[in-house]
Amino acid sequence: MKQFISVKDVTDINALVKQALAYKSNPLLDKTLGVNKRIGLLFLNPSLRTRLSTQVAAQNLGMEPIVFNVDKEGWALEFSEGAVMNGITVEHIKDAAPILGNYFDILCIRTFPSLQNRTDDYSEKIINQFIKYAGIPVVSLESATLHPLQSLTDIITIQESIALNKNLTNKKPKIVLSWAPHIKPIPQCVANSFSEWVNAWGEADFVITHPEGYELDTKYTHGANISYDQSAALQDADFVYIKNWSSYNDYGKVLSADASWMLTNTKLALTNNAKVMHCLPVRRNVELSDEILDGPNSIVTQEASNRVWAAQAVLANILGSLS
Ligand code: CP
């Protein structure tokens, strides 16, 4: 694996999941693979799970991780070609990224979308310039449009849950991605990425449900059934993935925060005793109810814990490709 930006960088999803679960059983299985290799983790936005799980994963492989909070501690970066830098930006990505490429063996980056300019966001203007100018393998810790480490984790968690549930081992699982209310504009990254990975995995009946106006880019959702009727979508679901996102068509807008879309135990009763997933952080009693998060069907903690094994499998594959 030369980089990890989307599911397109993965040749065999099931093999990667198997490798991740092998690390879960034996975290130090490849403890010397990354000895004398240094990994830079750059954050242009906040993080709890991604930052810590990727550090733990790197250390399990013997690597030295260095975290840099670019947004708080670095110079303000400029990403526009030909910019006259007489404003707030201090350093051009063309000058900064090659230096990072010399300091590190692998570069991991978290960016976020502006939610103002869809063309810029969906061209992945920021992460693509790190890839272009750093000259070393780049791992997305969430970009403007995708969150592949989260999505790999989600497939790992679904496969792990299927293996533990006799009622699910001989059937195609029904997975429902449901929009949930939120008070502010949230990126489409997790929903795009989850859709792309479930479709690429191809081993589930996949339904996406949201209010009208919250349609995602069909580039990612193609292959899923889309429903505006949440109750119909939830019927017989084995997994329900809850996530808010802002509008893609009316870009970055919150069109409604309809509280009736929040998952409750009454709605969960429509499902096949579904496991409930969320990438976290979650706003309790806005996006997801206490009764669901504190109840027996929630697997959000297991899901977040699996972030380590997803990152470890990806980093091991990239280390394997370094000369
Ligand atoms: N799910 C996730 O990416 O969490 P953090 O934003 O805390 O990293």
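Predicted model: local features only at pLDDT ≥ 70, side-chain atom pairs only at ≥ 80, totals over all residues.
Residues are numbered from 1 along each chain as its sequence is written. Local features need pLDDT of at least 70, side-chain atom pairs count only at pLDDT 80 or more, totals for chains, interfaces and linings use all residues, and side-chain values use heavy atoms, with hydrogens and water left out.

Trainee: Where does the largest pocket lie relative to domain 1 and domain 2?

Mentor: On a 1 Å grid over the protein atoms alone, a pocket is an open set of points where a 1.4 Å probe fits, with protein on both sides within 12 Å along at least five of seven lines; lining residues have an atom within 4 Å of a point. Domain 1 and domain 2 both give residues to the lining, so the largest pocket lies between them.

Trainee: How much space lies in the largest pocket?

Mentor: Grid points are joined across faces, edges and corners, and the volume is the space filled by probe spheres set on the points. For the largest pocket this comes to about 550 Å³.

Trainee: Which residues of its lining are the closest to the centre of the largest pocket?

Mentor: Helix 2 and helix 8 (189-201) each supply at least two residues of the lining; helices (H or I, at least four residues) and strands (E, at least two) are DSSP runs, numbered from the N terminus. Of the 27 lining residues, the closest to the centre are R110, F112, I186, L280 and P281.

Trainee: Is L280 buried or exposed?

Mentor: L280 is in the loop between strand 11 and helix 12, and its phi is positive, about 65 degrees, although L280 is not a glycine. Buried means under 20% relative accessible area, exposed over 50%, partly exposed in between (1.4 Å probe, protein chains only). At 18% relative accessibility, L280 counts as buried.

Trainee: Is the peptide bond from L280 to P281 cis or trans?

Mentor: P281 lies in the loop between strand 11 (275-277) and helix 12 (290-293). The omega of the bond from L280 to P281 is near 5 degrees, and the bond is cis.

Trainee: How far apart are the end C-alpha atoms of helix 2?

Mentor: The expected span of a helix is 1.5 Å times one less than its number of residues. Helix 2 (residues 49-60) has 12 residues and should span 16 Å. Its end C-alpha atoms agree with this, at 16 Å.

Trainee: Why is helix 2 largely enclosed by the rest of the structure?

Mentor: What covers its buried residues includes strand 1 (38-43), strand 2 (64-68) and helix 7 (148-164). Helix 2 is largely enclosed because, of its 12 residues, those that are buried number nine.

Trainee: Is A257 buried, partly exposed or exposed?

Mentor: A257 is found in the loop between strand 10 (239-243) and helix 11 (265-268). Not counting residues up to four places away in sequence, A257 touches W179, P181 and H182. Its relative accessibility is 43%, so A257 counts as partly exposed.

Terms used: Contact = heavy atoms within 4.5 Å. Domains from an automatic or database assignment.
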